[in-house]
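Subject: A structure for you to look at

Hello,

I am passing a structure on to you, together with some notes on what turned up in it. Please have it open while you read.

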Amino acid sequence: MNPTGRLARIFRQAGFDLYLVGGPVRDRILGRPSNDLDFTTGARPDRVKVLARRAGASSIYTVGERFGTIGAVFETGPVEITTFRSDSYRPGSRKPDVQFGDSLEADLSRRDFTINAMAQDVLSGRIIDPHGGLADLVAGRIRAVGTADDRFREDPLRVLRCVRFAAQLGFDIEAGTLAAARRTAGELRHVSAERIGAELNLTLLSQEPGRALVTLLEIGVLGLVMPELIPLQQTEQEERRQHKDVFAHTMRVLSNTPEVRETRWAALLHDIGKPQTKSIRNRRIRFFGHEEVGARMARKIMRRLKFDGGLTDRVTHIVRLHMRANAYEPGWTDGAVRRFILEAGEDLDELIALSRADITSYRPRRIEAGLARVAELQARCEHLQAERDVAALDSPLDGHALMELFDRPPGVWIKPIKQYLLDLVLDGELEPDDVEGATVLAKAFVRRHTEAADAIESEAHHAQR
């Protein structure tokens, strides 16, 4: 017998029913994959621990016990079992007063949306649906349980969750629920940055991230959680582009990217610096340096939302370099492509994906040419990488070797020599293990620059006389 069935029988023998609840039920009905197994029962946490062990759990974890949740690990993976609850909220508090209950219906009535407020009897397979979740699944509709304003005020993060579920499932938000989300959006000011960031992350990885961001804009949420995006609406681009304002363009780029966390965040923020850098020269709109300004803004946003340093660094890096990929032309030498690969580092695939998504012209020929350009860059990168690991290329002489060669202490003088030798390696003019050749070239490089420095100093001396 599978662990779920065994667990349910043990609970039934002890006088308790066990129900699969929430998202797993919804996803099973929709035929969507789901790795979560969330159960609810009338048994109290102490009893749940005993019954889970009796059913063969290899370990029990109790991190959520004060909220009624016990975790158990079986041979097929972890499950969570939560005692029926009937939470109540005190005015001004976002943390519920947890009260254990004896009614499945009361437990379901405290949940956020009807499609998440269904349960399934594990043994019989019967669906318990007191709020019309099945009908809403069929209709493709997100609708709050009970009074929508109450549900959103209990936990304002549900406003974001509402939009995220619609984007994940391709559903529409029921009019009354959407209106309530708009009325209560301001309550998100009281939600922690970590929770908002986590929810935005899931939203960006949804099926329709662009549509989700537009909805957040329309209900007044986007300006609260990411105000830097609002000026994009008022920032015009060139007329020949399909989308006149930067926000519309950004939404198109976002929706064109693969479901990769770093790529989606970089797509959302790649033009965030344009409002601050807009200028008009010779009657043409320009955004000089927007990638550098955007990278600084992206880092600030990611830090404010409490994302980990690894994700923050990668998104910032992609935003900073996105114009390098867009600038590719067939005339680039192999050395130039190797430099791009080296500069991109682990974000090479994401940069190429973003460059492909950034092609949003309304002209078919322009789109075709742009896609061909990106395909050629990708092919050349793959070819050069297959020949040799570009990331491993380096100057044949490191800092210690240069200090020994010129009998000088550490200093800023080392960097230009190493860069000169690395450039020769990237251009294929010097092998990375050719120490003898590098030594000759390094000496000549230093001699040329010493002579140039002496000449400048001499001219300055004569000018003073």
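Which residues do ring pairs link into a cluster? They are Phe113, Phe152 and Phe165.

Before going on, some ground rules. This is a predicted model, where local features need pLDDT of at least 70 and side-chain atom pairs count only at pLDDT 80 or more, while totals for chains, interfaces and linings use all residues. Residues are numbered from 1 along each chain as its sequence is written, and side-chain values use heavy atoms, with hydrogens and water left out.

**Aromatic rings**

Searching the whole structure gives eight aromatic pairs. Rings of Phe, Tyr and Trp (its six-membered ring) pair if their centres lie within 6.5 Å; planes under 30 degrees apart count as stacked, over 60 as edge-to-face and the rest as tilted. Phe113 and Phe165 are an edge-to-face pair, 6.1 Å centre to centre with 80° between the planes. Phe113 sits in the loop between helix H4 (104-109) and strand S6 (119-121), and Phe165 in helix H7 (residues 157-169), so this pair ties together parts that are 52 residues apart in sequence. Helices (H or I, at least four residues) and strands (E, at least two) are DSSP runs, numbered from the N terminus.

Both Phe113 and Phe165 are buried, where buried means under 20% relative accessible area, exposed over 50%, and partly exposed in between (1.4 Å probe, protein chains only). Phe165 also has Arg164 over its face, at 4.5 Å from the ring centre; a charge sits over a ring if NZ of Lys or CZ of Arg is within 6 Å of the ring centre and within 35 degrees of the ring normal.

**Nonpolar cores**

A nonpolar core is a set of buried Ala, Val, Leu, Ile, Met, Phe, Trp, Tyr and Cys residues joined through side-chain atoms within 4.5 Å. The largest one has 116 residues, and Leu269 and Trp265 are among those that touch the most other members. H7 gives the most to this core, with nine residues. Leaving aside residues up to four places away in sequence, Leu269 touches Met226, Ala298, Ile301, Met302, Val315 and Val319 (contact means heavy atoms within 4.5 Å). There is also a second, separate core of seven residues, including Tyr19 and Phe84.

**Two helices**

In helix H12 (residues 246-256), the buried residues include Val246, Phe247 and His249. Among the partners that the buried residues of H12 pack against are helix H9 (193-204) and helix H13 (261-269). In helix H2 (residues 23-30), Pro24, Val25, Arg26 and Asp27 are buried. After H2 comes Gly31, with a positive phi near 75°.

**The sheet**

Seven strands make an open sheet in the order S3-S4-S5-S2-S1-S6-S7, with mixed pairing; two strands pair if DSSP finds at least two bridges between them. Its edge strands, strand S3 (59-61) and S7, each pair on one side only. Strand S4 (residues 69-74) has five of its six residues buried. S4 then pairs with strand S5 (residues 77-83) in the antiparallel sense over six bridges, and a hairpin of two residues joins S4 to S5.

Best wishes
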